[in-house]
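This briefing goes through one protein chain by topic. Please have the sequence and the model open while reading.

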Amino acid sequence: MIFITAKFKVRPEHADRWPEIAADFTTASRSEPGCLWFHWSRSIEDPAEYVLVEAFRDDEAGAAHVQSEHFRTAQQTLPPHLAETPRIVNTTIPQDDWSLLGEFTVPRQE
């Protein structure tokens, strides 16, 4: 899968509304057939920073995402709300879902 994490530094005056501002892009991205997940989190240290964690099935699904109409629209509508260019980590990993974090194993509850 293609695993992507991106940090979006939002202009402070738009930070509280960012989920609403990015809602159309988020909904459309989540509905793509090759999208495994697409989740936003707000930083607890910096309320103007949002982290996007997303994954796509393979290179073809990732390419379809960046070539989609909603991606092109987001390239126009999201930057005016940002304080700087987002930063990204993008890698391919040989799995198709989340792995268990063994260091924090939760005993089976009955």
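The model is predicted, so local features need pLDDT of at least 70 and side-chain atom pairs count only at pLDDT 80 or more, while totals for chains, interfaces and linings use all residues. Residues are numbered from 1 along each chain as its sequence is written, and side-chain values use heavy atoms, with hydrogens and water left out.

**Overall fold**

- The chain has four helices and four strands, where helices (H or I, at least four residues) and strands (E, at least two) are DSSP runs numbered from the N terminus.
- Along the sequence the pattern is β-α-α-β-β-α-α-β.
- The C-alpha atoms fill a box of roughly 45 × 35 × 25 Å along the principal axes.
- Of the 110 residues in the chain, 35% are buried; buried means under 20% relative accessible area, exposed over 50%, and partly exposed in between, with a 1.4 Å probe and protein chains only.
- Among contacts (heavy atoms within 4.5 Å) with a separation of 6 or more, 72% join residues 24 or more positions apart.

**Sheet**

- Four strands form an open sheet in the order β2-β3-β1-β4, with antiparallel pairing; two strands pair if DSSP finds at least two bridges between them.
- The edges are β2 and β4 (87-92), and because each has a single partner strand, one side of each is left without a neighbour in the sheet.
- From one strand to the next the twist averages 10 degrees.
- Seven bridges join β2 and β3 in the antiparallel sense, and W40 stands opposite L52 in β3.
- Helix α3 (residues 59-66) lies across β1 (2-9), β2, β3 and β4, and runs at about 130 degrees to β3. Axes are lines fitted to C-alpha atoms, for helices over the stretch in contact, and angles run from 0 to 180 degrees between N-to-C directions.

**Largest pocket**

- The largest pocket has a volume of about 460 Å³, a volume being the space filled by probe spheres set on grid points that are joined across faces, edges and corners.
- A pocket is an open set of points on a 1 Å grid over the protein atoms alone, where a 1.4 Å probe fits, with protein on both sides within 12 Å along at least five of seven lines; lining residues have an atom within 4 Å of a point.
- Its lining has 24 residues, and F8, F25, E54, F71 and I88 lie nearest the centre.
- Two or more lining residues come from each of β1, β3, α3, α4 (69-77) and β4, with α3 giving the largest share, five residues.

**Polar residues**

- T26 lies in helix α2 (residues 23-30) and counts as buried because its relative accessibility is 8%.
- The T26 side chain makes a polar contact with the W40 side chain at 2.7 Å. A polar contact is a pair of N or O atoms within 3.5 Å; within protein, one must be able to donate a hydrogen and the other to accept it, and residues adjacent in sequence count only if both atoms are side-chain atoms.
- Beyond its neighbours within four places in sequence, T26 is in contact with F38 and W40.
- S43, in the loop between β2 (35-42) and β3 (49-56), is buried at 16% relative accessible area, and its side chain reaches the backbone nitrogen of D46 at 3.0 Å.
- S68, in the loop between α3 and α4, is buried at 11% relative accessible area.
- A polar atom of the S68 side chain lies 2.7 Å from the backbone oxygen of H65, and the S68 side chain also makes a polar contact with the side chain of H70 (3.2 Å).
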